[in-house]
Amino acid sequence: MQYTLKRLKDVHPELCTKLKNKCYPINGCCAVVHRELGPFLNEYMYQEALQIQLDEIKIPYEREYYFSVSYHGKPIKHKHFVDFLINGDVIVECKAVEKLVAEHRQQLWNYMRLSRKPIGILYNFAPIMDQAEHYYLDVENDTMYLF
């Protein structure tokens, strides 16, 4: 599925502010990890460091959160997993790549859509300046927003 992105602040400015506040501590943890480890490392090193950072400031999460999908009411055996599910509704997908591309976004959007989790953070630790993209899925209208 390909989404046409809308900017959340243009449609729902109050919700945008609320979501940014919810993601602020998560972004802070990612930034600390990036600052301390530096760029150009393996994605799994950043994931382990992020897990330690989340533990230290007591943000609840599940690492490698697994979910399954059903088709016509029957479960599909293949399980998907996201790097982190934070506070029960924020998916964090960690990358360590030169730059984020459409494939990375599509992966996160599919995870959000299939798991019905409304908030997604795509975080790239590899570049010298870390990158973060934030998305909100209106699950009732199947509309993806950038915030």
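Here is a walk through the structure, from the overall build to a few individual residues.

First, some ground rules: this is a predicted model, in which local features need pLDDT of at least 70 and side-chain atom pairs count only at pLDDT 80 or more, while totals for chains, interfaces and linings use all residues. Residues are numbered from 1 along each chain as its sequence is written, and side-chain values use heavy atoms, with hydrogens and water left out.

Let's start with the whole thing. The protein has four helices and seven strands, with helices (H or I, at least four residues) and strands (E, at least two) taken as DSSP runs and numbered from the N terminus. The C-alpha atoms fill a box of roughly 45 × 40 × 30 Å along the principal axes. The radius of gyration is 15 Å, which agrees with the value near 15 Å that a compact globule of 147 residues would have; that radius is taken over C-alpha atoms, and the globule rule is 2.2 Å times the number of residues to the power 0.38. Of the 147 residues, 42% are buried, where buried means under 20% relative accessible area, exposed means over 50%, and partly exposed is in between (1.4 Å probe, protein chains only).

Now for the sheet. Seven strands make an open sheet in the order S1-S7-S6-S5-S4-S3-S2, with mixed pairing. Its edge strands are S1 (6-7) and S2 (61-71), each of which pairs on one side only. Two strands count as paired if DSSP finds at least two bridges between them. In general, strands of a sheet pair through backbone hydrogen bonds, either parallel or antiparallel.

S2 pairs with S3 (residues 74-86) in the antiparallel sense over 10 bridges, and Arg-63 stands opposite Phe-84 in S3. S3 then pairs with S4, again antiparallel, over three bridges; here Ile-86 has Val-90 in S4 as its bridge partner. These two strands form a hairpin with three residues between them, and Asn-87 in the turn has a positive phi of about 55 degrees. On to S5 (residues 119-124): six bridges join S4 to S5, and these two run parallel. Lys-95 stands opposite Asn-124 in S5.

Six of its six residues are buried, so S4 is largely enclosed by the rest of the structure. Val-90, Val-92 and Cys-94 point one way, while Ile-91, Glu-93 and Lys-95 point the other way.

Over to Tyr-145, which lies in strand S7 (residues 143-146). Tyr-145 counts as buried because its relative accessibility is 6%. Leaving aside residues up to four places away in sequence, Tyr-145 touches several others, including Leu-5, Val-11, His-134 and Asp-138; a contact means heavy atoms within 4.5 Å.

Finally, look at the outside. Phe-40 is in the loop between helix H2 (13-37) and helix H3 (43-56). Phe-40 counts as exposed because its relative accessible area is 61%.
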